[in-house]
Amino acid sequence: MKHLDQSKMHELKEKFMTGRDWVMDHSKIVMPLVLVVCVLLTILIALNANQREALEKEAQQAAMAVASEGSGASVEGLESPTFALEENAYPEINNLVRTYYDAQASGNIETITSLNSYLNEIETIRVQELSKYIEDYPVLTVYTKPGLSENSHVAYVYSEVKFVDVDQTLPGMQTYYVSIGEDGNYVINDGTYDDTIWNYIKEVTLQDDVVDLNNKVVVEYNDLLAGDEELSEFIAYLKEKINEEVGEILAEAEQPENNTDIEVAEAEQTEEEAVSEEVQNVIKTVKTTDVVNIRSSDSEEADKLDKAQIGQEFTLLEEKGNGWSKVEYDGREAYIKSDYLEVVSEETVEADETQETEETEDTQTASSNETSTGTVRVIESVRVRKSASTDSDSLGTVYAGEKLDLLMKQADGWCKVKYKGQTAYVKSEYVE
């Protein structure tokens with residue numbers, strides 16, 4: 001065995017010597033070939049490294065895109081990411097809010113407009129008039145969630161306001177979108193943003209921790225008013241008084257500049273125009289300043305019809321003295337707490353238009369008074385629709401076991417039912 005190994009070694013050695021001699025004899029050919037091979041290997045290694053680097057760069061860019069979406073970007077069809085509420089986490093935003101609220105308390109419109117990029121004429125007048133009754137804001141707490149861009153935030157400001165000659169402070173909460181302005185400082189963007197930001201704010205505001213915070217403040221507010229009749233009466237009076245003063249100021253601003261103009265205007269006014277003015281009605285459009293429940297009557301115990309989102313607009317039918325406003329919702333009357341509404345426009349219409357609207361409402365009411373032919377029981381939770389289509393507006397949800405008055409079982413797969421006093425529709429397959 002040992003002799004065999006030595007024989008193999010000897011053969012290999014001879015082959016190596018033979019190969020070396022051949023290379024030496026043909027060095028002018030072999031060396032350039034070796035050099036070419038080395039160059040090719042170097043190029044291949046470099047190309048492989050560049051390709052790997054490009055792939056890594058693509059992967060990093062993809063990761064950054066995902067991270068960007070995760071930090072607040074709203075993608076259609078996907079829910080916005082959930083971030084925990086941060087409390088007083090940004091001193092610059094806290095300073096902005098403190099300056100803004102102090103300016104509201106003092107009626108400093110110049111400061112307010114410099115910090116808030118959107119303030120219409122009506123709100124400007126309202127702030128000035130309300131400042132006459134506000135002493136200060138002793139408590140301000142700022143809760144934030146990330147916005148859609150860098151250095152932007154959705155801010156929820158909890159405040160306690162102290163009114164002049166009123167001992168009890170009153171809690172409240174407002175929502176703002178805060179971002180960096182052209183001067184490099186934080187400003188409040190209160191309505192000039194696009195639909196993407198608007199939808200993002202609505203989605204974030206419906207997250208559990210924000211809803212819980214809002215509910216806590218609403219309960220605190222309602223408990224204070226329920227336990228202090230004098231405070232409740234003052235708030236109701238204040239709202240009516242502010243609306244009255246804002247209306248008077250707007251009316252005065254529309255008057256001619258001097259008495260001569262007034263006399264001329266009165267002289268030119270015909271009897272027909274005077275009569276027309278007497279039958280004119282003012283229709284106000286209001287929007288919600290926060291997420292708030294829509295109820296069937298002016299009570300916290302009334303049925304909840306839906307939840308209004310920030311900025312959702314309604315036609316104001318009546319502002320009641322008990323802190324509630326009657327609004328038009330899905331073709332019928334509904335109620336929202338007045339604290340969460342602000343007037344965005346006023347339109348004067350002729351009585352004929354109002355009468356036509358009332359006649360339409362009477363027709364709708366008559367249709368909802370159809371005779372019931374029995375009842376149906378819901379076998380699986382289902383949405384109640386305004387008309388017999390899944391694309392129709394939802395009036396609410398009924399749950400398994402609930403019963404509805406049946407008006408007609410239609411051949412198109414829908415049942416016409418009575419739901420909360422009005423005609424509605426549910427899919428036949430969900431009832432029996």
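Leaving aside residues up to four places away in sequence, I294 touches D303, K304, L305, D306, K307, A308, F314, Y329, A334, Y335 and I336. I294 is also one of the residues with the most contacts inside the largest nonpolar core, which has 52 residues. The model described here is predicted. The protein has 432 residues, with 11 helices and 18 strands.

**Nonpolar cores**

- Besides I294, the residues with the most contacts inside the core of 52 residues are Y101, F163, L170, I235, F314 and V327.
- Another core lies apart from this one and comprises 15 residues, including Y143, M173, V210 and V217.

- In the protein, 34% of the residues count as buried.
- Of the contacts between residues at least 6 apart in sequence, 59% join residues at least 24 apart.
- The average pLDDT is 76, and 67% of the residues score at least 70.
- Residues 351-360 have a pLDDT below 50, and this stretch has 4 contacts in the model beyond near neighbours in sequence.
- The pLDDT is also below 50 over residues 362-368, a stretch with 6 contacts beyond near neighbours in sequence.

- Strand β10 covers residues 324-329 and contains K326.
- Because 5 of its 6 residues are buried, β10 is largely enclosed by the rest of the structure.
- On one pairing, β10 runs antiparallel to strand β9 (residues 313-319), and 4 bridges join the two.
- Within this pairing, L316 stands opposite V327 of β10.
- The hairpin of β9 and β10 has 4 residues between the strands, and G323 in the turn has a positive phi of about 90 degrees.
- On another pairing, 6 bridges join β10 to strand β11 (residues 332-337), again in an antiparallel arrangement.
- V327 has A334 as its bridge partner in β11.
- A334 is also among the residues that I294 touches.
- The hairpin of β10 and β11 has 2 residues between the strands, and D330 in the turn has a positive phi of about 55 degrees.

**The position of K326**

- Is K326 buried or exposed? K326 is buried, because its relative accessible area of 14% falls under the 20% limit for a buried residue.
- Which residues does K326 contact, leaving aside its neighbours within four places in sequence? They are T315, L316, L317, E318, E333, A334 and Y335.

**The five-stranded open sheet**

- An open sheet of 5 strands is arranged in the order β1-β2-β3-β4-β5, with antiparallel pairing.
- β1 (86-87) and β5 (186-189) stand at the edges with a single partner strand each, so one side of each has no neighbour in the sheet.
- Strand β3 (residues 153-163) is joined by 9 bridges to strand β4 (residues 170-180), and the two run antiparallel.
- Along this pairing, Y156 stands opposite T175 in β4, and S159 has G172 as its bridge partner.
- The hairpin of β3 and β4 has 6 residues between the strands, and D165 in the turn has a positive phi of about 65 degrees.
- β4 is also joined to β5 by 4 bridges, in an antiparallel arrangement.
- In that pairing, I180 stands opposite Y186 in β5.
- The hairpin of β4 and β5 has 5 residues between the strands, and G184 takes a positive phi near 90 degrees.
- β4 is mostly covered, with 9 of its 11 residues buried.

**Helices**

- Helix α6 (residues 195-205) lies across β2 (134-146), β3 and β4, and runs at about 65 degrees to β3.
- Helix α5 (residues 121-130) is mostly covered, with 7 of its 10 residues buried.
- The buried residues of α5 are I122, E123, T124, I125, R126, V127 and E129.

Notes:
Residues numbered from 1 in each chain as written. Predicted model: local features only at pLDDT ≥ 70, side-chain atom pairs only at ≥ 80, totals over all residues. Heavy atoms only, no water. Buried < 20%, exposed > 50% of the residue type's maximum accessible area, 1.4 Å probe, protein only. Contact = heavy atoms within 4.5 Å. pLDDT = per-residue confidence, 0-100. Pairing = 2+ DSSP bridges. Axes fitted to C-alpha atoms, helices over the stretch in contact; angles between N-to-C directions. Core = buried A, V, L, I, M, F, W, Y, C linked by side-chain atoms within 4.5 Å.
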